[in-house]
Amino acid sequence: MHPVKLKEGVYWVGEIDWDLRNFHGYSTQRGSTYNSYLIVDEKITLVDTVRPYLFEKTMQRISSLVNPAQIDYVVSNHVEMDHSGSLPLLMEIAKNATIITSPNGQKGLLAHYKKTDWKFKVVKTNESVNLGKKNLRFFLTPMVHWPDNMVGYLEEDNILFSNDAFGQHIASTERFDDEFPIGIAIDEAKKYYANIVLPYSTMVQNALSTVAPFPIDTIAPSHGIIWRSHVKLILEQYEKWAANRSEAKALVIYDTMWKSTEKIASTVQCAFERHGVPAKVLNLRYNHISDIMNDILTARYVCVGSPTLNSNMLPTVSGFLTYLKGLSPKNRVGLAFGSYGWGGQGVRHVESALKECGFQMLESINVQYVPDKNQLDEIFDKLSQEVANHLKPSGLQGL
Ligand code: FEO
């Protein structure tokens with residue numbers, strides 16, 4: 001278990017979670033990492049910890065550099081247990097350490113772990129702590145991703161310890177962006193943004209403005225690959241995602257009982273493609289909702305289909321819509337479609353959920369029984385006209 005050097009006296013001492021496949025409902029097919037960093041200066045400082053089941057391994061990395069009992073500061077950038085979970089174990093060893101955290105961080109750590117004997121140094125935004133030869137400056141970044149979040153900036157090395165921001169769920173032997181396929185790193189960062197950070201995009205914009213005046217050579221997040229050769233690229237991506245900037249792309253997301261809704265899904269796809277709008281078809285039985293969110297991050301048109309079952313949508317569709325609403329993408333256009341035997345409430349529920357997301361809506365499509373060719377042609381013509389109108393500059397209505 002070896003540490004990995006970032007700069008002189010700065011090391012990655014985190015751990016790789018090869019087996020992780022589900023992170024509170026987020027599908028993590030590539031596993032993950034919990035990145036801890038050790039700064040060896042006059043004050044020995046550990047930035048964030050790992051999940052408790054990986055503590056022993058991370059301690060081996062730390063012990064190869066310093067005596068863990070001599071750690072002076074433990075920076076807790078974020079209370080969520082993937083970063084603070086092994087703090088109680090660590091504080092049993094580093095008995096003299098002081099925890100540096102935000103005001104909400106202190107409240108959160110005390111509420112989680114009930115350790116009233118822990119020593120805290122609570123920092124304000126833009127406060128710098130001297131470690132000896134180097135200085136660690138803190139910026140509070142509330143809601144990126146919890147109210148307690150902050151980031152640290154190591155001034156002499158231009159390293160930003162960004163915690164969840166700029167992270168990706170990737171387990172790999174490589175630590176840096178120039179050692180790993182960059183397309184995969186960006187796509188996993190996008191998926192992470194879409195599933196974790198998206199609701200807090202305004203706060204992300206604030207955080208980006210706060211750190212903008214400082215030169216950044218390295219972004220060291222608490223999950224995944226460390227950015228050192230593609231810092232400009234990932235910052236540009238974050239600016240785009242935080243602005244909720246969408247592209248003329250459509251997603252046709254559905255589930256089906258007897259393939260009537262599937263027939264409509266295919267017609268919806270064709271109506272968009274007729275106007276050169278790429279349309280991706282995603283059956284909820286085969287596509288994980290966290291992967292679909294990755295597409296939603298940049299797609300403008302979100303079309304959702306369900307048959308009616310027991311006066312409602314299919315559970316796969318309602319689950320997806322609940323997840324979507326919570327993640328709160330902005331500036332999107334919605335379409336509800338589906339089929340029914342009697343009643344037809346399923347599409348009305350889909351429409352209502354998409355409206356609750358704040359989407360502009362195209363006219364809903366609701367077909368009784370199995371749509372025949374004439375009905376599908378009619379749906380195609382009508383939707384195609386609506387898409388054409390919408391694609392005109394005057395039809396964008398502020399998007
Ligand atoms: Fe990686 Fe919000 O914890």
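Reader: How much of the 399-residue protein counts as buried, and what makes a residue buried?

Author: Of the 399 residues, 56% count as buried. Buried means under 20% relative accessible area, exposed over 50%, and partly exposed in between, with a 1.4 Å probe and protein chains only. This is a predicted model, where local features need pLDDT of at least 70 and side-chain atom pairs count only at pLDDT 80 or more, while totals for chains, interfaces and linings use all residues. Residues are numbered from 1 along each chain as its sequence is written, and side-chain values use heavy atoms, with hydrogens and water left out.

Reader: What makes up the secondary structure, and how are helices and strands counted?

Author: The protein has twelve helices and 22 strands. They are DSSP runs numbered from the N terminus: helices are H or I with at least four residues, strands are E with at least two. The C-alpha trace spans about 80 × 40 × 35 Å along its principal axes.

Reader: Why is Asn244 called buried?

Author: Asn244 has 8% relative accessibility, so it counts as buried. Its place is in the loop between α7 and β17 (247-254).

Reader: What does Asn244 touch, and what makes a contact?

Author: Contact means heavy atoms within 4.5 Å. Leaving out residues up to four places away in sequence, Asn244 touches Leu198, Ser201, Pro329, Lys330, Asn331 and Arg332. A polar atom of the Asn244 side chain lies 3.0 Å from the backbone nitrogen of Lys330. A polar contact is a pair of N or O atoms within 3.5 Å; within protein, one must be able to donate a hydrogen and the other to accept it, and residues adjacent in sequence count only if both atoms are side-chain atoms.

Reader: How do you know what span to expect for α12 (residues 373-391)?

Author: The expected span is 1.5 Å times one less than the number of residues. Helix α12 has 19 residues, and 27 Å is expected. From first C-alpha to last, α12 reaches 26 Å, close to that value.

Reader: Which residues of α12 are buried, and why do they line one face?

Author: They are Leu376, Ile379, Leu383, Ser384, Val387 and His390. Seen down the axis, these residues fall within an arc of 125°, so they line one face of α12. The arc is that of the directions from the helix axis to the C-beta atoms. On the other side, Asn374, Glu378 and Lys382 are exposed. The cover over the buried residues includes α8 (260-273) and β19 (299-305).

Reader: What lies at the start of α12?

Author: A side-chain oxygen of Asp372 comes to within 3.2 Å of the backbone nitrogen of Asn374.

Reader: How are α10 and α11 oriented to each other, and why?

Author: The axes of α10 (residues 315-327) and α11 (residues 345-356) cross at roughly 10° and come within 10 Å. The two helices are therefore roughly parallel. Among the residues making the contact are Val317 and Leu321 of α10 and Val350 and Ala353 of α11. Angles under 35 degrees count as roughly parallel, over 145 as roughly antiparallel, 65 to 115 as roughly perpendicular and the rest as oblique.

Reader: Which residues of α11 are buried, and where do they sit around the axis?

Author: Gly346, Val347, Val350, Ala353 and Leu354 are buried. They cover an arc of only 125°, which puts them on the same side of α11. They pack against β19, α10, β20, β21 and β22.

Reader: What makes α5 (residues 182-197) mostly covered?

Author: Twelve of the 16 residues of α5 are buried. Among them are Ala185, Ile186, Tyr192 and Tyr193. The elements covering them include α6 (201-211), α7 (231-242) and α10.

Methods
Axes fitted to C-alpha atoms, helices over the stretch in contact; angles between N-to-C directions.
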